Amino acid sequence: RREALGCAGLLLAFSLRAFVHPDVPCRGHMARLAMRAKGAEVKGDLQPLYDYVLVKSKEAVTSTKSGLLLPTSSEKPSEGEVVAVGPGSVKENGVQVPVWAQAGMKILHGKYGVEEVIYNDEDHVLVRDDDVLLSYTGDEPTLENIKMPRGKVLLKLLEEEKESQGGILLSKGAAKPDTTVGEVVAVGDDDLDRNGNPVPMDVAVGDLVRFRFGNEVKLDIAKSEFRSVSASECLAKWTS
């Protein structure tokens, strides 16, 4: 009976050991495991393919230049610097169109379809070129140093007292962060069709537009709120 219990104990111990990851008991590996859980870990040269862009993520700001502490957020910043770019997408006619983004650019990108990767022990993401919504020079984006990608527009959310003179009434919610009404303040170059040919933009600087939320990014500049969106997210336009 003792031999049977001994054999059963050995079998149970061996079975449990088979289900335990060898790194789990070692506290020194816990940080590495947490890093791997965030995204794939890559050593050496990493080259994006097709229309993908490799971006080194910018660390979340926790304090202002004056030392004021800012509340932390669980949402990761959609901002960083382009490290490498793919050769571009191939259109239906076989023509390869280079990506718009370039290495060294500081960009803001959409939050969907992002592939996280740990590259040389630092946080990076792989995003499609079409998900790059804005680039800028300097330390922070301003209206003077912003550049819009192909097919993208920058919208200034309307103030609450702003009213349309074209017969369209704007709700008081136009001043809220989730408003869907804005004024076009910057536009990118024409977008491209399936064959890589330019498609003229339907909106211009000064237009008022109704837009829908999608893969946009939010900016706060000079006490005003802005959204960078794809032109295809604009549903209607009018002039004041």
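Visitor: Why is Lys 43 called exposed?

Guide: Quick note before that: the model is a predicted one. Lys 43 has a relative accessible area of 53%, and exposed means over 50%, so Lys 43 gets the label exposed.

Visitor: What makes the contact of Lys 43 and Asp 121 a salt bridge?

Guide: The N to O distance between their side chains is 2.9 Å. The cut-off asks for a Lys or Arg nitrogen within 4 Å of an Asp or Glu carboxyl oxygen, so this pair qualifies. The two residues sit in distant parts of the chain, 78 residues apart: Lys 43 is in the loop between S1 and strand S2 (52-57), and Asp 121 is in the loop between S7 and S8.

Visitor: And why does Asp 121 count as partly exposed?

Guide: Asp 121 comes out at 41% relative accessibility. Partly exposed covers what lies between buried, under 20%, and exposed, over 50%, so 41% puts Asp 121 in that class.

Visitor: You mentioned S7 and S8. How do you know that they pair?

Guide: Strand S7 (residues 115-119) and strand S8 (residues 122-128) share five bridges, in the antiparallel sense. Pairing takes at least two bridges, so five will do. For one partner, look at Val 117, whose bridge partner in S8 is His 124.

Visitor: What makes S1 and S10 edge strands?

Guide: The open sheet has eight strands in the order S1-S7-S8-S2-S3-S6-S9-S10, with mixed pairing. Strand S1 (40-42) and strand S10 (146-147) each pair on one side only, hence the name.

Visitor: Back to charges. What makes Glu 79 and Lys 58 a salt bridge, and which parts does the pair tie together?

Guide: Their side chains meet at 3.4 Å, N to O, and the limit is within 4 Å, so the pair counts. Glu 79 lies in strand S3 (residues 79-85) and Lys 58 in the loop between S2 and S3, so parts 21 residues apart in sequence are tied together.

Visitor: Why is Glu 79 called buried?

Guide: Glu 79 has 17% relative accessibility, and buried means under 20%, so that settles Glu 79. Lys 58, at 31%, is partly exposed.

Visitor: Glu 225 and Arg 227 also meet in a salt bridge. How do you know which of these is buried and which is partly exposed?

Guide: Arg 227 has a relative accessible area of 4%, which is under 20%, so Arg 227 is buried.

Key:
Residues are numbered from 1 along each chain as its sequence is written. This is a predicted model: local features need pLDDT of at least 70, side-chain atom pairs count only at pLDDT 80 or more; totals for chains, interfaces and linings use all residues. Side-chain values use heavy atoms; hydrogens and water are left out. Helices (H or I, at least four residues) and strands (E, at least two) are DSSP runs, numbered from the N terminus. Buried means under 20% relative accessible area, exposed over 50%, partly exposed in between (1.4 Å probe, protein chains only).
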